[in-house]
Amino acid sequence: MADKMALVVSEGTFDKAMMAFILGTIGASMGMEVHIFFTFFGLEVLKKNAKPKLPGIYRLFGSLGVKMMEKKMKKQNIGGFEESRQQVIDLGAKLYACSTSMSIMGVKEEDLIDGVEIVGATKFIDLAMDAKVQLFIG
């Protein structure tokens, strides 16, 4: 059995999303079984047409700030938000939306991109329990 990586993402900012997608892509590229669980504000990055913002003071730059970051990332051969999100899916990572958080945050299944599985925390803990890499990105 391949090594397993389990990530939890609780915030929907550009930096947190990209960290999860980059780590997930690297893990999947290394042959790991990758599971990423999105909870609370992290659900925002799983929505169709998601436009994550930069955190804190950088938020003042709005979408221009994200475009500047994506331009810098492109120079390093790192894709932008949508490209990275799709890449991690294409490499076989499993993306999960927390069912309880969806209820709390008013997120509906039809709001989410294709391929996201809706699970409770118990199911994800079951998946993550034997993961060699367990990270909280929040």
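Modeller: Before we start on this predicted model, one term: a patch here is made of residues with over 30% relative accessible area and no salt bridge, and nonpolar side chains are joined into one when they lie within 5 Å.

Biologist: Where is I104 found, and does it count as buried or exposed?

Modeller: I104 is found in helix 4, which spans residues 99-105, and it counts as exposed because its relative accessibility is 54%, where the cut-off for exposed is over 50%.

Biologist: What does helix 4 make with strand 3 and strand 4?

Modeller: Strand 3, helix 4 and strand 4 make a β-α-β unit that is right-handed. The two strands, residues 94-98 and residues 116-119, pair in the parallel sense over four bridges, and within that pairing Y96 has E117 of strand 4 as its bridge partner.

Biologist: Switching to helix 3, which residues are buried there?

Modeller: In helix 3, residues 81-90, the buried ones include F81, S84, R85 and V88. These four sit on the same side of the helix because they cover an arc of only 100 degrees around its axis.

Biologist: Why would residues three or four places apart point the same way?

Modeller: An α-helix has 3.6 residues a turn, so residues at that spacing point the same way.

Biologist: And which exposed residues are on the face turned away from the buried side of helix 3?

Modeller: That face carries E83 and D90, both exposed. Just after helix 3 comes G92, which takes a positive phi of about 100 degrees.

Notes:
Residues are numbered from 1 along each chain as its sequence is written. This is a predicted model: local features need pLDDT of at least 70, side-chain atom pairs count only at pLDDT 80 or more; totals for chains, interfaces and linings use all residues. Side-chain values use heavy atoms; hydrogens and water are left out. Buried means under 20% relative accessible area, exposed over 50%, partly exposed in between (1.4 Å probe, protein chains only). The arc is that of the directions from the helix axis to the C-beta atoms. Two strands pair if DSSP finds at least two bridges between them. A crossover is right-handed if, with the strands pointing away from the viewer, the path from the first strand over the helix to the second runs clockwise.
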